Amino acid sequence: MTYSIEARDLRLDYRGSPALRGLDFRLAGGGIYGLIGRNGSGKTSLLSLVASLMKPTSGTLLVDGEDPFENPRTMPDVCLVQDRVKDSGDEMWKVGGYLRTAAALRPHWDQEYADRLVDLFELPQRKRLSSLSLGKRSALNIVIGLASRAPVTIFDEAYVGLDAPSRYAFYDEVLSDYMAHPRTVIMSSHLVEEVDSLFEEVLILDEGRLLAHEDTDDLRSRGVSLTGPTRAVDDLRPGLTVLNEQVLGGTTSITVYGDLDEDTLSHARAAGVEAGPVRLQDLFVHLTRKDRR
Amino acid sequence: MTTTTRRRPALTVTRLVAPAMLWISALYFAIVIVVFAVIGYVALVHGEGTDEPTSHAELLANSSPRFFLGSLAIIVTSTLLAHYLPMGVTRHQLFWAGTTLILGGAAAAAAVISGLFLVEWFVLDGTSIPITYRTPHLFDSSAQVGVIFLEHLVALAAFMALGWLIGSVFARYGGWGGLGLLLPCLLLGLLPEALLGVGWVGQSYGALGIEPLPMAASVPLGTAVVAVMLLLNHRLMRDMPLRRPTS
């Protein structure tokens, strides 16, 4: 079961200042979407609206064609997992009880899958939430996000507390579970490098505005990386917007924003320079640079 | 295996929250009952011949339970919203869960208090000590369990609804806004007891020469004020945002 998400001139003011400034986009559903942006760009605000934690100031937001705010049909089917390290009532909850609560309230909860994930992330069921480490707390939130099997599953920076092995285990789980149970998955992060291969489409937010919403491959094709002998790379450099540069001995690698025409690419190849795809992280950093705003 | 048990989210939330509230309240009542039993025993043994009113069940009922339960109710809105809204339960459903917890809690506490009046009546029935009360009540004998329950149900529900309302007002309007609305909330919360003409508010009627309303009018009116407080909670909760740190 997959749900579409659509926003039309979506705005949210928070304490008098705009958090979202007229967003327009449509996610068809049934894909893994990346929502990236710097800290304070409006990612959590947007996701909070999708999960009905807040009401938009103006504009339209539709989840599966309906306004999600206080919607008893869509709300249980939207699971927003946030990077909550501490929460009120953590002293009261034990891990097992917290999972049972999610099981009772999520209509598509898969208990066998939840048990397997608890083993995978080595979660202590009898421990109180307040005594969990940052990594275990993140893991608990992720177990709930995955086992809920909600038609709209959102991970809002939920995995940044995990150590590297756990993060990669999480990426594997997201992908394999999505393949087995297709749904709309949104992953929000400002740490793009590890997750960009998962995304089918990417939305880039900056200061409450939507800078880009594109197919990931199309977005990557907005730039190119050139690697080769330093002198040959330097010959190509004039007139290009260089996003990133790495030098190792006599070899230089630069990431360039914008299309390169076929003649330039042929010339580069002839000079021993290899052209490759650009990293999403470099594009993101470039597009959200302060001097571009 | 996928579960599909989510038929009545409000009841599910009530079932999940009630045990914690019940344990805290049970611990509280266990402590105050022991304390007041000791006070009552000492008064019974050493207090013969004094003009002091004799009902210690009334002394207990008139004091901390309403404030304790009212304080407990202050956290209802913040707890329900913080934990169950992100789990896909609507505010409207959470309101019904809160209402069930408030009225259920008030009914359970009123039943305990009615039981204490009854126990006291059994203990003192065979003695020469008459049961007398400090403040006016709808009942005039500790054996009138039904009326005792009704009076305390309305009074305790009023205090719990008041606590819930105060918590909602602070959650909605923040510290300064909450402080600004505290007095109107308190006046509304005390109104049911004033209408019933019982407790410390009812005691002042005698001094002021005010005739209390008959029970047939005071109980429905007091209940209506409780309902108004519950509806105000619904009004405050129905579009209350759950704000979390942004990224």
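Which residues is B:Ala161 in contact with, leaving aside its neighbours within four places in sequence? I looked it up: they are B:Ile102, B:Val226, B:Met229 and B:Leu230. Contact here is C-beta atoms, placed from the backbone, within 7 Å.

Housekeeping before I go on. This is a predicted model, where local features need pLDDT of at least 70 and side-chain atom pairs count only at pLDDT 80 or more, while totals for chains, interfaces and linings use all residues. Residues are numbered from 1 along each chain as its sequence is written, and chains are lettered from A and ligands numbered from 1 in the order in which they are written.

**Entry: B:Leu230**

Helices are DSSP runs of H or I with at least four residues, strands are E runs of at least two, and both are numbered from the N terminus. B:Leu230 has 20 C-beta neighbours inside 10 Å, so I log it as buried. The cut-offs: buried takes 20 or more other C-beta atoms within 10 Å of the residue's own, exposed takes 12 or fewer, and partly exposed is in between, with C-beta atoms placed from the backbone. Beyond four places in sequence, B:Leu230 is in contact with B:Thr99 and B:Ala161. I also checked B:Leu230 against B:Ala37: 193 residues apart in sequence, 34 Å apart in space, C-alpha to C-alpha.

**Entry: the core**

B:Ala161 turned up again when I looked at the largest nonpolar core. That core has 138 residues, and A:Val50 and B:Ala161 touch the most other members. Helix 6 (residues 145–196) of chain B gives the largest share of this core, 22 residues. Domain 1 (5–217) and domain 2 (223–277) of chain A both contribute residues, so the core lies between them. A nonpolar core means buried Ala, Val, Leu, Ile, Met, Phe, Trp, Tyr and Cys residues joined through C-beta atoms within 7 Å. The domain bounds come from an automatic or database domain assignment. I get 38 Å between the centres of domain 1 and domain 2 of chain A, taken over C-alpha atoms.

**Entry: the two chains**

Chain B has 8 helices and 0 strands. Its C-alpha atoms fill a box of roughly 70 × 45 × 30 Å along the principal axes, and 42% of its 247 residues are buried. Chain A has 9 helices and 13 strands. For chain A the box is roughly 65 × 45 × 35 Å along the principal axes, with 43% of 293 residues buried. I also took contacts between residues at least 6 apart in sequence: 79% of those in chain B join residues at least 24 apart, and in chain A the figure is 70%.

**Entry: strand 7 of chain A**

How many residues of strand 7 (residues 184–189) of chain A are buried? I count 6 of the 6, so the strand is largely enclosed by the rest of the structure. A:Thr184, A:Ile186 and A:Ser188 are buried on one side, A:Val185, A:Met187 and A:Ser189 on the other.

Pairing takes at least two DSSP bridges between the strands. A:Ile186 has A:Tyr33 opposite it, and A:Ile154 stands opposite A:Ile186 too.

**Entry: strand 8 of chain A**

Strand 8 (residues 201–206) of chain A is mostly covered, with 6 of its 6 residues buried. The buried residues include A:Glu201 on one side and A:Asp206 on the other. Strand 3 runs parallel to strand 8, joined by 5 bridges, and A:Tyr33 stands opposite A:Glu201. Strand 9 (residues 209–215) of chain A runs antiparallel to strand 8, with 6 bridges; there A:Leu205 has A:Leu210 as its bridge partner. The hairpin of strands 8 and 9 has 2 residues between the strands, and I noted A:Glu207 with a positive phi near 50°.

Technical notes:
Contact = placed C-beta atoms within 7 Å.
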